[in-house]
Amino acid sequence: MKRILLSCAIGMATMAVFAQKSDENPPITPAWALGHIVWEDSMNTTVGAERIIDGYLQRGIPVDAIIIDSSWSTSYNDFEWDHQRYADPAKMIDGFSHKGVRTILWVTGNVNEKCKDTPKQKSATYDEVVSNNFGVDNSKPYTWWKGYGQHIDFTNTEATQWWYNQLDKVFVEGVYGWKTDQGEQHLPAAFETSKGRMTNEQFRHYYYDAMYDYTVSRKRDGIIIARPFSHQGGFEASIGKMSLGWCGDFSGNFDGLKHQIDNIYRSARYGYGAIACEVAGFWNERANAVQFVRYAQFGCMTACMINGGENGAFTNHLPWWHSQEVENIYRQCVMLMKELTPYKFSTLVDAHLNGGSLLRGMNFEEESHLLGNDIFTKAITSDNKNVTFHLPADGVWIDYWTGEQYQGGTLFTKNYPLSQFPLFVRAGAIIPINDVTKPEKRIFKIYSGGGKTSRTFHLPKGDGIDFFDCSVSYDEQQHHIILDATEPADFVFIIEGHTFPQRGSHIDAYIQ
């Protein structure tokens, strides 16, 4: 296989492109969130958070954000830091920022009278919520999985604004969003709200929507992580106001991986845009080395890898705990996922504009899917390395590992060592990628075998939600590339799999 590289810098009139969010299509997920998010739910301290981040960074594994999980506050949800656990939150968050790591805080919509896992039983704001009748069901308290309290009525404009004022206490520089967990899960099937009686399913969108609206109004590149479809409660966050989806709470074994794939595929089929994988699950059985790797390989072919849980936060969830081989494979997965950030981002902008999901063509039975239109993968969900599956019916598909080509619809059987998994690229595909060592470059990989091919991309302008449009056409016979972009940049083209007929052959690039 011969690789040809062409670089061309262009300068032209700059035109920023930004589309207003549609309530029916997924929002644009910031580019930074399409990466590697870590956390721990064992120590729940500054020391624990720093230990997790530094463990990855010292081994050359990038970290994009950390989730500070549930017991960071003195009571649920009073938005007062527990200084026994986190002595100097501002210093901690600032330290993470200097390492390029954003902070995400756990939250639910509950205010408690009695708590578990926190130093104070009763939130300092509990009586205020009661006196103003800011809770659902006339502020009637109920038992939920973090104690006993009431859920804020997010249909009530005054209550929602009060809640926003509470969020303001901790939504400081360096904090980029919320892991919005489900406190509404244990509410009755139906209850009273400011808009009348609602079912639980009708109400839950008000909670997630309020959290999304607050976040992007304060920080347009902020996110909420929320459940799309979950086996624990059905469809939860609104499609149009879910920045990043995580289905939630799986075991670390192969049964957990299979269950999570089902939840993720259901979410994508329903129309949620960016859906992440909870690598190695959250609770119950811990992942062994093989299960951990297969989880990571599937996860890197979703929107984001979220790694952390109570089932071995400082053991089974850490790649280096298993072996040097597992650490190397995990690093490979993270780097591949981050390399594909422009491709995933562009696909999600298209979903925002036209509907759809990052994950497409899901085959529930074979546990396979397309990432965008041009990358195909299949999960490995057992100890058996010999897997059988069908390639997508249309087009010609190139094995990522060997460069061999196969006709669409082929029944494919292969033995995959632990370091590899089924991964194919469509012949003729043009894939925008990142090179972490050359962030100023706009790199495109063009896969030969498509004759004449053309793609339009929405490329990230930075690591947020702003983008610019770029069209690339490639004529394989004439060796011509035509580029049409609305931003000046240094564009690099890598032609994969093309053997030129003679020495001195070249690619001509035309800039429109």
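Student: Which element supplies the largest share of the lining of the largest pocket?
Tutor: Strand S26 does, with four residues. Bear in mind that this is a predicted model. Helix H11 (341–354), strand S25 (430–433), S26 and S27 each give at least two residues to that lining.

Student: What makes a residue part of the lining of the largest pocket, and which lie nearest its centre?
Tutor: A lining residue has an atom within 4 Å of a pocket point. For the largest pocket, 29 residues line it, and Thr341, Asn434, Pro439, Gly462 and Asp463 lie nearest its centre. The volume of this pocket is about 570 Å³.

Student: Why is the pair of Phe376 and Phe424 called tilted?
Tutor: Phe376 and Phe424 have 6.3 Å centre to centre and 50° between the planes, so the pair is tilted. Phe376 belongs to strand S19 (residues 375–378) and Phe424 to strand S24 (residues 423–426), so the pair ties together parts 48 residues apart in sequence. Both of these residues are buried.

Student: What makes the pair of Phe444 and Phe457 tilted?
Tutor: Their ring centres are 5.6 Å apart and their planes stand at 40°, so this pair is tilted as well. Phe444 lies in strand S26 (residues 441–447) and Phe457 in strand S27 (residues 452–460), so parts 13 residues apart in sequence are tied together. Phe444 and Phe457 are both buried.

Student: How do you know that the charged end of Lys219 sits over the ring of Phe171?
Tutor: The NZ atom has to be within 6 Å of the ring centre and within 35 degrees of the ring normal. Lys219 is placed over the ring of Phe171, 5.1 Å from its centre, which is inside the distance limit. Lys114 lies over the face of Tyr148, at 5.9 Å from the ring centre.

Student: How do you know that the buried residues of H2 are on the same side?
Tutor: In helix H2 (residues 89–98), the buried residues are Pro89, Met92, Ile93 and Phe96. They cover an arc of only 95° around the axis, which puts them on the same side of H2. The face turned away from that side carries the exposed residues Ala90, Lys91 and His98.

Student: What do the buried residues of H2 pack against?
Tutor: They pack against helix H1 (46–57), strand S3 (65–68), strand S4 (102–107) and strand S8 (175–180).

Technical notes:
Residues numbered from 1 in each chain as written. Predicted model: local features only at pLDDT ≥ 70, side-chain atom pairs only at ≥ 80, totals over all residues. Heavy atoms only, no water. Buried < 20%, exposed > 50% of the residue type's maximum accessible area, 1.4 Å probe, protein only. Arc of directions from axis to C-beta. Contact = heavy atoms within 4.5 Å. Phe/Tyr/Trp six-rings, centres within 6.5 Å; stacked < 30°, edge-to-face > 60°. 1 Å grid on protein atoms, 1.4 Å probe; cavity = no way out; pocket = protein on both sides within 12 Å on 5 of 7 lines; lining within 4 Å. Points joined across faces, edges and corners; volume = space filled by probe spheres on them.
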